Every structure is written in structure tokens, then in C-alpha cells.
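Here is a short report on a predicted model.

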Amino acid sequence: MTVQQLAKIDVFSNLRPEVLTQLANAAKISFYKQGEILIHEGDRFTAKFHAVLEGKLLVQKIAVSGKETTLRQLSAGEMFAAPAL
């Protein structure tokens with residue numbers, strides 16, 4: 001992750017460059033394909049901070065009937081922690 005990528009995330013946008021550099025060195029970027037499922041309801045997901053750098057992330061619930069409901073949509077620059085979803 002680069003300092004420039006971190007600076008695009010609202011909560012980090014006002015941090016000093018040296019702090020952003022430290023965060024960037026500790027960060028890990030993961031890439032996902034469109035439509036890929038990251039977690040199912042009830043799965044254990046690490047309690048880490050996550051941010052959407054590009055694209056969007058949909059939080060959806062699928063009823064027993066098969067009906068999909070979008071509960072939340074996260075766009076580039078937004079952050080989340082999986083336990084809060």
C-alpha cells in the first residue's frame with residue numbers, strides 16, 4: 001500500500017506523511033474479483049481494519065427463498081471492520 005492510497009481514505013487524509021509511511025509499511029492489499037464472496041454470515045473474519053481502495057463492496061443477505069437484499073454498499077475510500085458488518 002502506498003502513502004497516496006492511504007491519503008485517499010478520509011480518516012487518514014490529514015495525517016503527516018511520516019505517519020502515513022509507517023501505516024503503509026504495515027498495510028496489506030488484497031485483490032478480489034467482481035462478484036467474489038469475501039465472507040458468509042456466521043463465518044469468522046479477522047478483526048482487522050479494512051478499506052475499499054477501488055470499486056465497491058456490497059454487504060448482502062440472501063433469504064432462504066433466494067431473495068438478495070443489499071444491506072450496505074461501501075465505495076472507494078470507505079472503511080470497515082468485519083465484526084461491524
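## Strands

Two strands pair if DSSP finds at least two bridges between them. Helices (H or I, at least four residues) and strands (E, at least two) are DSSP runs, numbered from the N terminus. Here, strand 2 and strand 3 run antiparallel, joined by 7 bridges. Q60 stands opposite T70 in strand 3. The hairpin of strand 2 and strand 3 has 5 residues between the strands. In this hairpin, G66 takes a positive phi near 100°.

## Basis of the model

Residues are numbered from 1 along each chain as its sequence is written. The model is predicted: local features need pLDDT of at least 70, side-chain atom pairs count only at pLDDT 80 or more, and totals for chains, interfaces and linings use all residues, while side-chain values use heavy atoms, with hydrogens and water left out.

## Largest pocket

The largest pocket holds about 2100 Å³ of space. On a 1 Å grid over the protein atoms alone, a pocket is an open set of points where a 1.4 Å probe fits, with protein on both sides within 12 Å along at least five of seven lines. Grid points are joined across faces, edges and corners, and a volume is the space filled by probe spheres set on the points.

The lining (residues with an atom within 4 Å of a point) numbers 50 residues. Nearest the centre lie Y32, L38, V52, L57 and F80. Elements giving two or more residues are helix 1 (3-7), helix 2 (17-26), strand 1 (49-51), strand 2 (56-62) and strand 3 (68-75). Strand 2 gives the largest share, 7 residues. By type, the lining divides into 28 nonpolar, 11 polar and 11 charged residues. Ala, Val, Leu, Ile, Met, Phe, Trp, Tyr, Cys and Pro count as nonpolar; Asp, Glu, Lys and Arg as charged; the others, Gly among them, as polar.

## Aromatic pair

The structure holds 1 aromatic pair (ring centres within 6.5 Å; planes under 30 degrees apart are stacked, over 60 edge-to-face, the rest tilted). The ring centres of F12 and F49 are 5.6 Å apart and the planes stand at 75°, so the pair is edge-to-face. F12 lies in the loop between helix 1 and helix 2, and F49 in strand 1, so the pair ties together parts 37 residues apart in sequence.

F12 is buried, with a relative accessible area of 13%. F49 is partly exposed, at 44%. Buried means under 20%, exposed over 50%, and partly exposed in between (1.4 Å probe, protein chains only).

## K48 and A81

K48 sits in the loop between helix 2 and strand 1. K48 is exposed, with a relative accessible area of 52%. The C-alpha atoms of K48 and A81 are separated by 6.0 Å. These residues are 33 residues apart along the chain.

Technical notes: Rings of Phe, Tyr and Trp (its six-membered ring) pair if their centres lie within 6.5 Å; planes under 30 degrees apart count as stacked, over 60 as edge-to-face and the rest as tilted.
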